[in-house]
Amino acid sequence: MTVLRPRTRTITVRLSEEEFASLRRVCIATGARSVSDLARNAMHDILEGMSRENVPAASNDNHSTQIIELARKVEALAAELALFKAQQPLSEAES
């Protein structure tokens with residue numbers, strides 16, 4: 001099978017014989033080609049999960065920014081309304 005993305009980086013993890021044997025059994029059970037593929041797939045799943053967890057946080061940040069902007073606009077409108085009322089003759093303002 002051809003590797004579509006060349007693998008250029010390596011990590012090293014020391015395992016006991018029992019841990020390595022357990023990983024080999026998981027490879028066979030899941031159809032992974034090697035312990036490296038199994039580890040790569042597991043890390044990919046972890047990273048994907050973290051990306052999905054950050055989406056709500058980013059969405060909340062976006063909503064917070066929108067709320068702050070709306071508050072600023074409401075304050076600006078309130079100031080304009082107060083200025084408008086102050087400029088009206090007293091008799092019109094009472095009506």
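View 1. Aspartate 37 counts as buried at 11% relative accessibility, where buried means under 20% relative accessible area, exposed over 50% and partly exposed in between, computed with a 1.4 Å probe on protein chains only. The model is predicted, so local features need pLDDT of at least 70 and side-chain atom pairs count only at pLDDT 80 or more, while totals for chains, interfaces and linings use all residues. Residues are numbered from 1 along each chain as its sequence is written, and side-chain values use heavy atoms, with hydrogens and water left out. Aspartate 37 is placed in helix 2; helices (H or I, at least four residues) and strands (E, at least two) are DSSP runs numbered from the N terminus. Cysteine 27 and aspartate 37 are 10 residues apart in sequence, with 8.5 Å between their C-alpha atoms.

**View 2. Salt bridges of aspartate 37.** A salt bridge is a side-chain nitrogen of Lys or Arg within 4 Å of a carboxyl oxygen of Asp or Glu, and by this rule the count is 3. Arginine 33 is one partner of aspartate 37, at 2.6 Å from N to O. The pair of side chains also makes a polar contact at 2.6 Å, a term for N or O atoms within 3.5 Å; within protein, one must be able to donate a hydrogen and the other to accept it, and residues adjacent in sequence count only if both atoms are side-chain atoms. Arginine 40 also meets aspartate 37 in a salt bridge, with an N to O distance of 2.6 Å. Aspartate 37 and arginine 40 both lie in helix 2 (residues 35–87), 3 residues apart, about one turn of the helix.

View 3. Glutamate 69 forms a salt bridge with arginine 72, and their closest N and O atoms are 3.7 Å apart. The two residues are 3 residues apart in helix 2, so about one helical turn separates them. Arginine 72 is exposed, with a relative accessible area of 53%, and glutamate 69 is partly exposed, at 35%.

View 4. How far apart are the end C-alpha atoms of helix 1? They are 20 Å apart, which agrees with the 20 Å that its 14 residues should span at 1.5 Å a residue; the expected span is 1.5 Å times one less than the number of residues. Glycine 31 follows helix 1 and has a positive phi, near 85°. Arginine 24 lies in helix 1 and counts as partly exposed, at 47% relative accessibility.

**View 5. A nonpolar surface patch.** Ile11, Val13, Leu15, Phe20 and Met43 make a nonpolar surface patch of about 470 Å². Patches are made of residues with over 30% relative accessible area and no salt bridge; like charges are joined within 9 Å, nonpolar side chains (Val, Leu, Ile, Met, Phe, Trp, Tyr) within 5 Å. Leucine 15 sits in the segment before helix 1 (17–30) and is partly exposed, with a relative accessible area of 37%.

**View 6. The chain and its confidence.** The protein chain has 3 helices and 0 strands, in the pattern α-α-α along the sequence. Of its 95 residues, 6% are buried. The chain exposes about 8,900 Å², with 58% supplied by carbon and sulfur atoms; areas come from the Shrake-Rupley method with a 1.4 Å probe, and for residues only the protein chains shown count as cover. Mean pLDDT, the predictor's confidence in each residue from 0 to 100, is 81 for the chain, and 81% of its residues reach 70 or more. Among the elements of the chain, helix 1 has the highest mean pLDDT (90) and helix 3 (residues 90–94) the lowest (57).
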